[in-house]
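Please examine the sequence and the structure shown below.

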Amino acid sequence: MTTTWTISQLDRNTSNGFVTTAHWQATAVDGEHTASIYSTCSWADGTVNIAYDALTPETVLGWVWANGVDKTATEAALAANIALQKNPVQLSGKPW
């Protein structure tokens with residue numbers, strides 16, 4: 001299983017360019033099975049104070065994880081989702 005973390009969007013103040021919200025996604029892929037989690041992290045103005053033009057994905061993901069997003073627990077939840085896809089305990093449908 002491969003898990004990829006991405007930053008899909010950043011919100012920033014126009015007055016100082018500092019980021020106030022990061023939109024992030026973690027996606028796990030195992031063969032034909034995929035699971036994904038999307039969320040956001042927010043900071044008070046000036047809390048994260050690296051200029052917008054100087055940011056990297058690694059920097060922002062570090063902020064996300066430091067802001068309380070448990071990387072290990074998130075990846076475990078994705079793995080559990082994929083495990084259920086491979087071995088479902090409940091199915092939906094109709095017999096006709």
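Student: What covers the buried residues of H2?

Tutor: This is a predicted model, in which local features need pLDDT of at least 70, side-chain atom pairs count only at pLDDT 80 or more, and totals for chains, interfaces and linings use all residues. Residues are numbered from 1 along each chain as its sequence is written, and side-chain values use heavy atoms, with hydrogens and water left out. Helices (H or I, at least four residues) and strands (E, at least two) are DSSP runs numbered from the N terminus. The cover, by contact (heavy atoms within 4.5 Å), includes strands E1 (2-12), E2 (19-30) and E3 (33-42).

Student: Which residues of H2 are buried, and why do they line one face of the helix?

Tutor: Buried means under 20% relative accessible area, exposed over 50%, and partly exposed in between (1.4 Å probe, protein chains only). In H2, Thr-74, Leu-78 and Ile-82 are buried. Seen down the axis of H2, the directions to the C-beta atoms of its buried residues fall within an arc of 75°, so they line one face.

Student: Is Thr-40 buried, partly exposed or exposed?

Tutor: Thr-40 lies in strand E3 and touches Thr-21, Ala-22, His-23 and Trp-24, leaving aside residues up to four places away in sequence. Its relative accessible area is 37%, so Thr-40 is partly exposed.

Student: How many bridges join E2 to E3?

Tutor: Two strands pair if DSSP finds at least two bridges between them. E2 and E3 form a hairpin with 2 residues between them, and Ala-26 stands opposite Ile-37 in E3. The two strands run antiparallel, and the number of bridges joining them is 10.
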